[in-house]
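These are my notes from one sitting with a structure that was new to me. I looked things up one at a time and wrote each one down.

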Amino acid sequence: LSVASVEDPVVMSKIRQNLREKHARHIADLRAYYDSEIQSLKQQLESSHRTASSEELKKINQSLADRDWCNLYVLNRCDHLDAALNEASARIKALENKNNLLEKQVADWRERFCAISNTSKVLQERLEEMRTTHKEKDNTISRLKSRLRELEEAFEKAYKLSDNKNTRLQEENKMFQNLLGEYESLGKEHERVKDTLNTTENKLLDANTEISDLKRTILKLEAQLKQVEHENTLKLRH
């Protein structure tokens, strides 16, 4: 039998059925044989009852007793083999149930592992997007700082060139205040982006940790499954 045939429950059921039928036929043949022997000996005993001596009768009785004991031994042995066959069948059934349970557990863990892997990929993509956005915000802040320095230099130059241009200074001061407000707003948004990025990174670390735990659990379950399959194969061979 191939390994695939042995693992097939239909094939195993047919094998067990064939073994039971052969065992039943063997027991029936033995019983018929010994019944015929006993009947023959009884007939011989009846035919030679009148002419046989007492010694011969004792020998015949001893022979009948020996044959009855042998018949009883064979019947007991057959009953013992039948009980052993039933016990082996029950053990094989229990191993099959355990094997099916382990296969279901492995399938469930694999599904959970796939779901968590997909979630991890989504979080990784979002993290990359947030990092890109963070870099863009940093570049914008750098440009605003450069612009702010330029305005400060222009303001100082304008202040040195003429003290009479108050209106222009006020406008530049207003522009400067607006730029400061925009800079502060971008700084706050930058801090929010950092907090969100840190939160996402923590979630990603938790997901990776859970994935590692699931991998170890799957490996343990697969090892148990292989052990049960090995035990099942040994039992089937036995």
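**Entry: D213 and R216.** I looked up D213 and found it partly exposed, with a relative accessible area of 35%. I use buried for under 20% relative accessible area, exposed for over 50%, and partly exposed for in between, with a 1.4 Å probe and protein chains only. D213 forms a salt bridge with R216, and the closest N and O atoms are 2.2 Å apart. By salt bridge I mean a side-chain nitrogen of Lys or Arg within 4 Å of a carboxyl oxygen of Asp or Glu. R216 is partly exposed as well, at 49% relative accessible area. Both residues sit in helix α4, 3 residues apart, which is about one turn of the helix.

**Entry: ground rules.** I note that the model is predicted, that local features need pLDDT of at least 70 and side-chain atom pairs pLDDT 80 or more, while totals for chains, interfaces and linings use all residues. Residues are numbered from 1 along each chain as its sequence is written, and side-chain values use heavy atoms, with hydrogens and water left out.

**Entry: the chain overall.** I looked up the secondary structure and found 4 helices and 0 strands. Along the sequence the pattern reads α-α-α-α. Helices (H or I, at least four residues) and strands (E, at least two) are DSSP runs, numbered from the N terminus. The chain has 238 residues, and 21% of them count as buried. I then looked at contacts, meaning heavy atoms within 4.5 Å. Among contacts between residues at least 6 apart in sequence, 87% join residues at least 24 apart.

**Entry: other salt bridges.** How many salt bridges does the structure hold? I found 7. One of them joins the side chains of R112 and E210, at 3.8 Å from N to O. R112 lies in helix α3 (residues 54-161) and E210 in helix α4, so this pair ties together parts that are 98 residues apart in sequence. R112 is partly exposed at 43% relative accessibility, and E210 is partly exposed at 34%.

Next I looked up K137 and E189, whose side chains meet in a salt bridge of 2.9 Å, N to O. This pair also links distant parts of the chain, with K137 in helix α3 and E189 in helix α4, 52 residues apart. K137 has a relative accessible area of 23% and is partly exposed. E189 is partly exposed too, at 25%. I also noted a network of salt bridges that links E128, R131 and E201.

**Entry: T200.** Is T200 buried or exposed? I found T200 buried, with a relative accessible area of 8%. T200 belongs to helix α4, which covers residues 166-237. Leaving out residues up to four places away in sequence, T200 touches L123, L127 and M130. M130 is 70 residues from T200 along the chain, and their C-alpha atoms are separated by 9.2 Å. A polar atom of the T200 side chain lies 2.9 Å from the backbone oxygen of T196.

**Entry: H190.** I looked up H190, another residue of helix α4. H190 is buried, at 9% relative accessible area. Apart from neighbours within four places in sequence, H190 is in contact with H134, D138 and I141.

**Entry: cavity search.** I searched the whole structure and found 1 cavity of 30 Å³ or more. A cavity here is a set of points, on a 1 Å grid over the protein atoms alone, where a 1.4 Å probe fits but cannot get out, and lining residues have an atom within 4 Å of a point. Grid points are joined across faces, edges and corners, and the volume is the space filled by probe spheres set on the points. The largest cavity has a volume of about 30 Å³.

Which residues line the largest cavity? I wrote down L144, K145, L148, L179 and Y183. Helices α3 and α4 each supply at least two lining residues, and the largest share, 3 residues, comes from α3. The lining divides into 4 nonpolar residues, no polar ones and 1 charged. In this count Ala, Val, Leu, Ile, Met, Phe, Trp, Tyr, Cys and Pro are nonpolar, Asp, Glu, Lys and Arg are charged, and the others, Gly among them, are polar.

**Entry: L19.** Last, I looked up L19, which lies in helix α2 (residues 9-47). L19 is partly exposed, at 42% relative accessibility. The C-alpha atoms of L19 and L85 are separated by 8.8 Å, and the two residues are 66 apart along the chain.

How values were computed. A polar contact is a pair of N or O atoms within 3.5 Å; within protein, one must be able to donate a hydrogen and the other to accept it, and residues adjacent in sequence count only if both atoms are side-chain atoms. On a 1 Å grid over the protein atoms alone, a cavity is a set of points where a 1.4 Å probe fits but cannot get out, and a pocket is an open set with protein on both sides within 12 Å along at least five of seven lines; lining residues have an atom within 4 Å of a point.
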